[in-house]
Structures are given as structure tokens and as C-alpha cells.
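I opened my notebook to keep track of what I looked up in this structure.

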Amino acid sequence: MSRKIAFASAAALLAAALAATAHAASGPAMGPSARILRPAFHGYYDGHKDTYLNTDVSSKAEATAMHINYSAKIGKVTGLPEIYLVQGRAAPGQLAIFGSEPGEANYSPLWSETILTWKANAKPVLITSDTQINKIEKTGTLSERDAHVVLNCPIIKVGKG
């Protein structure tokens, strides 16, 4: 009886090993994985917070300031969704605001950087969506400008609520 159990166990182990090998061989090999520590950031999208990484930017000055990779090539990509960054005065708790998120047709990990600035007479409010930006701009209290910078900031976790 113990031979049958040993044979069955060996057969099961062999089958599992073959299945793992077949699964690993079914896609492109990227090499072994490893864990690294990398700062993650939060940004708003439609009233909730998403988590993202900031890895590359098309501006040498921003790359140096943020301690991330400089890539001139990504700066040539057009038609990207916007990431809005408030410069100067801001409401407490203000974060970046995304114009899209994973699962949407126009999502991309590359973003066109748009700078938001509150006018001198305006009281900053917390901005949590691109729709809100458009409404506030119509009041004349908030302005936006294209920074002509592309950021590689993949959203790694979509948070609801």
C-alpha cells in the first residue's frame, strides 16, 4: 500500500511541476521577480483616491527634483490624459487630480502635466475631479496651463469611496 501512496505522490508532484513549467512557458519571460521599496503617491479621480508610482518624466529639471528617470522620448507622445497639479496656494489635503484611471478607454500610464493656479482673490477648495476643475474654471478663480511635460505615473491601485 505504501508503494501505491509513494507512486501517487510522485505522480502528483510531477504533474504539478509540469503544469508550473507549462504555465511559465506560456508567456514572455521577464526573469525572476524581486521586491523593491519605491514611494507611492495618492491622487484624486472622480472623488476617490487612487495610488500611483512616479517613475519617469520628460523634463530634466523635474527628474532631478523628484529623483526619477529623465526620458526625452516620452515628451513626444501626444493625445494623453491629463494629470492636474496645483501650484502655489492650495486647499489642505490637495493631491494630484487624474483625468482617467485604469479600466477607462482613455487611460494611459503616461500623462500630460497640467498646472492649476488659484487666482489671488480666490479661496482654494479641495479639488477631487477633472469635472470639478472645469466648473471652477468657469467662475474665473482657477487657471490652468499646459506644462509641456509628460509624466510616467502608472496607477497601481484604484480606490473607491
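**Entry 1: a histidine to start**

In which strand is H148 found? I looked it up, and H148 is in strand β8. Strands here are DSSP runs of E with at least two residues, helices are runs of H or I with at least four, and both are numbered from the N terminus. Residues are numbered from 1 along each chain as its sequence is written, and side-chain values use heavy atoms, with hydrogens and water left out.

Back to H148: its phi is positive, about 55 degrees, although H148 is not a glycine. H148 counts as exposed because its relative accessibility is 69%. For the record, buried means under 20% relative accessible area, exposed means over 50%, and partly exposed is in between, using a 1.4 Å probe and protein chains only.

I noted H67 too, with a positive phi near 60 degrees, and H67 isn't a glycine either. H67 sits in the loop between α2 (60-66) and β4 (69-70). With 67% relative accessibility, H67 counts as exposed.

**Entry 2: the whole chain**

I counted elements next: the protein chain has three helices and nine strands. Starting from the N terminus, their order is α-β-β-β-α-β-β-β-β-α-β-β. Of the chain's 161 residues, 35% count as buried.

Then I checked confidence, using pLDDT, the predictor's score for each residue from 0 to 100. The chain averages 87, and 83% of the residues score at least 70. A contact means heavy atoms within 4.5 Å. Where pLDDT is low, the predicted coordinates should not be read in detail, so I left that stretch alone.

**Entry 3: helix α3**

Which residues of helix α3 are buried? In α3 (residues 130-138), they are D130, I133 and I136. Seen down the axis of α3, these buried residues fall within an arc of 115 degrees, so they line one face of the helix. The arc is taken from the directions from the helix axis to the C-beta atoms. I wrote a reminder beside this: an α-helix has 3.6 residues a turn, so residues three or four places apart point the same way.

On the other side of α3, K135 and K138 are exposed. The buried residues of α3 pack against β5 (82-86), β6 (96-98), β7 (110-118) and β8 (142-152). After α3 comes G140, with a positive phi near 85 degrees.

**Entry 4: cores**

Which residues touch the most other members of the largest nonpolar core? That core has 15 residues, and the answer is Y52, V57, I83, F98 and W111. A nonpolar core is a set of buried Ala, Val, Leu, Ile, Met, Phe, Trp, Tyr and Cys residues joined through side-chain atoms within 4.5 Å. β6, β7 and β8 each supply at least two residues of this core, and β8 gives the most, with three. A second, separate core has nine residues, including A122, I133, I136 and L142.

**Entry 5: aromatic rings**

I found four aromatic pairs in the structure. Rings of Phe, Tyr and Trp (its six-membered ring) pair if their centres lie within 6.5 Å; planes under 30 degrees apart are stacked, over 60 edge-to-face, and the rest tilted. Y52 and F98 make an edge-to-face pair, 5.0 Å centre to centre with 85 degrees between the planes. This pair links distant parts of the chain, as Y52 is in strand β2 and F98 in strand β6, 46 residues apart. Both Y52 and F98 are buried.

The rings of Y107 and W111 have centres 5.9 Å apart and planes at 70 degrees, so that pair is edge-to-face. Y107 is partly exposed at 22% relative accessibility, while W111 is buried at 0%. Ring pairs link F41, Y52, F98, Y107 and W111 into a cluster.

Technical notes
This is a predicted model: local features need pLDDT of at least 70, side-chain atom pairs count only at pLDDT 80 or more; totals for chains, interfaces and linings use all residues.
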